[in-house]
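Trainee: I have a model open and a few things to ask about its side chains. Can we go through them together?

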Amino acid sequence: IEACLISFALHTGEKLYKRYKNKIAQEQQKLYPVALTTASSGELQKITPAQNQTIDLDKIINRRLKLTAGCIAIAVIGLSHPAFSVLAAGLMPYMIIPILQRAKTAVLVERRPRAEIFDSIGIVVMIGSGYVVTSSFVCLTYYSTQKLKLATENKSRKSLVNVFGEQPRF
């Protein structure tokens, strides 16, 4: 029975990965939208991300937070019933793939250490060691910090536009 559950969890994780592969790539490109740019006349022109783009990012992060919270609940139930722990481990690839992609970008493109590198290593090691609850909690903290970061960037962007909008023109 446990072997069937393991194969079901792996199959489910693989299907989720294939199904949302394109969506995840698009989500990663949206994480750092351009906030401000200068116009040809030299004035600072407000090019904030469209309201719907900010809402899209917020929806993406909220969806991942809900999934992670559900995975934590399933993993906690899995402490007494191991079959649920396997099911939670099958859901983990959907939550981990964006973190792994950001870590790959940090290593190969940016060539600098970022939090995603250490998070991805820790999560993969924890899942391999059987600490599904802890790895789910790390994913929850990661997406919570992403939500906080998005809110801070939006607030900073709005205040910066307001500051430059109040300056006199010469």
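Trainee: How many disulfides does the structure hold?

Mentor: The structure holds zero disulfides, a disulfide being a pair of cysteine sulfur atoms within 2.5 Å. Cys71 is in no disulfide, and the nearest cysteine sulfur, that of Cys139, is 7.6 Å away. This is a predicted model, where local features need pLDDT of at least 70, side-chain atom pairs count only at pLDDT 80 or more, and totals for chains, interfaces and linings use all residues. Residues are numbered from 1 along each chain as its sequence is written, and side-chain values use heavy atoms, with hydrogens and water left out.

Trainee: Is Cys71 buried or exposed?

Mentor: Cys71 counts as buried because its relative accessibility is 0%. Buried means under 20% relative accessible area, exposed over 50%, and partly exposed in between, with a 1.4 Å probe and protein chains only. Cys139 also has 0% relative accessibility, so Cys139 counts as buried.

Trainee: New topic. How many salt bridges are there?

Mentor: A search of the whole structure finds five. A salt bridge is a side-chain nitrogen of Lys or Arg within 4 Å of a carboxyl oxygen of Asp or Glu.

Trainee: Which residue does Asp58 pair with?

Mentor: Lys147, with the closest N and O atoms 3.0 Å apart. Asp58 lies in helix 3 (residues 51–77) and Lys147 in helix 6 (residues 132–166), 89 residues apart. Helices here are DSSP runs (H or I, at least four residues), numbered from the N terminus.

Trainee: And which residues are linked in a network?

Mentor: Salt bridges link Arg102, Glu110, Arg112, Arg114 and Glu116. Within it, Arg114 and Glu110 have their closest N and O atoms 3.3 Å apart.

How values were computed
Helix = DSSP H or I, 4+ residues; strand = E, 2+ residues; numbered from the N terminus.
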